[in-house]
Amino acid sequence: MKIAILPGDGIGPEIVAQAVRVLEKLKADGLAVETVTVPLGGAAYDQYGEPYPEATRDVVRTADAILLGAVGGPQYDTLPRDKRPERGLLAIRKDLGLFGNLRPAMLYPELAGASTLKPEVVAGLDIMIVRELTGDIYFGQPRGIHVNDAGEREGFNTMRYSESEIRRIAKVAFEIAQKRNKKLCSVDKANVLECTEFWKEIVIDVAKQYPDVELSHMYVDNAAMQLVRNPKQFDVIVTGNIFGDILSDEASMLTGSIGMLPSASLDANNKGLYEPCHGSAPDIAGKNVANPLATILSLAMMMRYTFAREDIAKRIETAVQTVLRQGYRTADIYEAGTQKVSCSGMGDAVVAALA
Ligand code: IPM
Ligand code: MG
């Protein structure tokens, strides 16, 4: 297993360090892993003047899988747009063709009290959001800020989806639904936006190949509301890049903390980039208080999706469940009666639970 490690910015290095400890443990137990660490985002800008430099590109292109912390920080917000850390993340996704973004929102029973929603609304929650990741208004041309014909400055972006882009992400979503509860909800804004009206049309066509999956459609505004009203109605959700960005942050809070949510971004051959759904949290960076579990769970997803090692994925997920049952909590999921631990303290607990 050739794994590229991209610590990134903010809390990225701290949380990735804990996942690397898990990897070291697996290696000590006989797993053949080879890792190379390279920068992305602000860290890459500091070193090379680019958020996705050639040195990083060469490594990630030949790796089997990539583990990423997070990118971004206030010190980079005033850089020219193409030098900003977020551009590095978008560039690596596009360069490697990582169009299929899987964002599971699952509630650990031990954390039912940490959600801002009533425990009965979220108990047993298990949703998979499939977000298209390399198209849509994120990448659509034309885009920019210019002076329009009336002489006024304006900003503009373009929402675009080609048929093949929709077909391939729909296929991914139907196949995941087949392995779960066979319910797929496609989220769009077909009542207003032609681009997503087309999305809906193509998803309906792809559905003919998956008669065992029950397909439904929902407008994105309603989906945002339904996610907090009755989230357990959902099994798999498939949606475009921008709607998926927003809905996956919303879904994360159902589970108590965005610090718990892993993600996988896959290409057509299951090569993948794995990262927590949360950001670089500059306000707590360097303090050893961040929650490393989303990153550790991202490593579990890597074992499952890229390396087809369900046994190792389960082993990591079981260790995470064990530490939660033992009562260990980082600050973001802390409740009275549990034991508060640091980022590295949580890493210690997970490594111990793996043994
Ligand atoms: C995410 C993030 C990114 C996105 C940002 C950092 C570019 O919010 O992975 O959800 O918008 O895709
Ligand atoms: Mg986001």
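Colleague: Is Tyr-210 buried or exposed, and what is its relative accessible area?

Modeller: Quick note before that: this is a predicted model, where local features need pLDDT of at least 70, side-chain atom pairs count only at pLDDT 80 or more, and totals for chains, interfaces and linings use all residues. Residues are numbered from 1 along each chain as its sequence is written, chains are lettered from A and ligands numbered from 1 in the order in which they are written, and side-chain values use heavy atoms, leaving out hydrogens and water. Buried means under 20% relative accessible area, exposed over 50% and partly exposed in between, with a 1.4 Å probe and protein chains only. So Tyr-210 is buried, with a relative accessible area of 6%.

Colleague: How many aromatic pairs does the structure hold?

Modeller: Rings of Phe, Tyr and Trp (its six-membered ring) pair if their centres lie within 6.5 Å; planes under 30 degrees apart count as stacked, over 60 as edge-to-face and the rest as tilted. With that rule, the number of aromatic pairs is three.

Colleague: What kind of pair do Phe-174 and Tyr-210 make?

Modeller: Their ring centres are 4.9 Å apart and the planes sit at 5°, so we call the pair stacked. It links distant parts of the chain, with Phe-174 in helix 6 and Tyr-210 in the loop between helix 7 and strand 9 (214–219). Helices (H or I, at least four residues) and strands (E, at least two) are DSSP runs, numbered from the N terminus.

Colleague: Which peptide bond is cis, with omega near 0°?

Modeller: Look in the loop between strand 5 (126–132) and strand 6 (144–147), where Pro-142 is found. The cis bond runs from Gln-141 to Pro-142.
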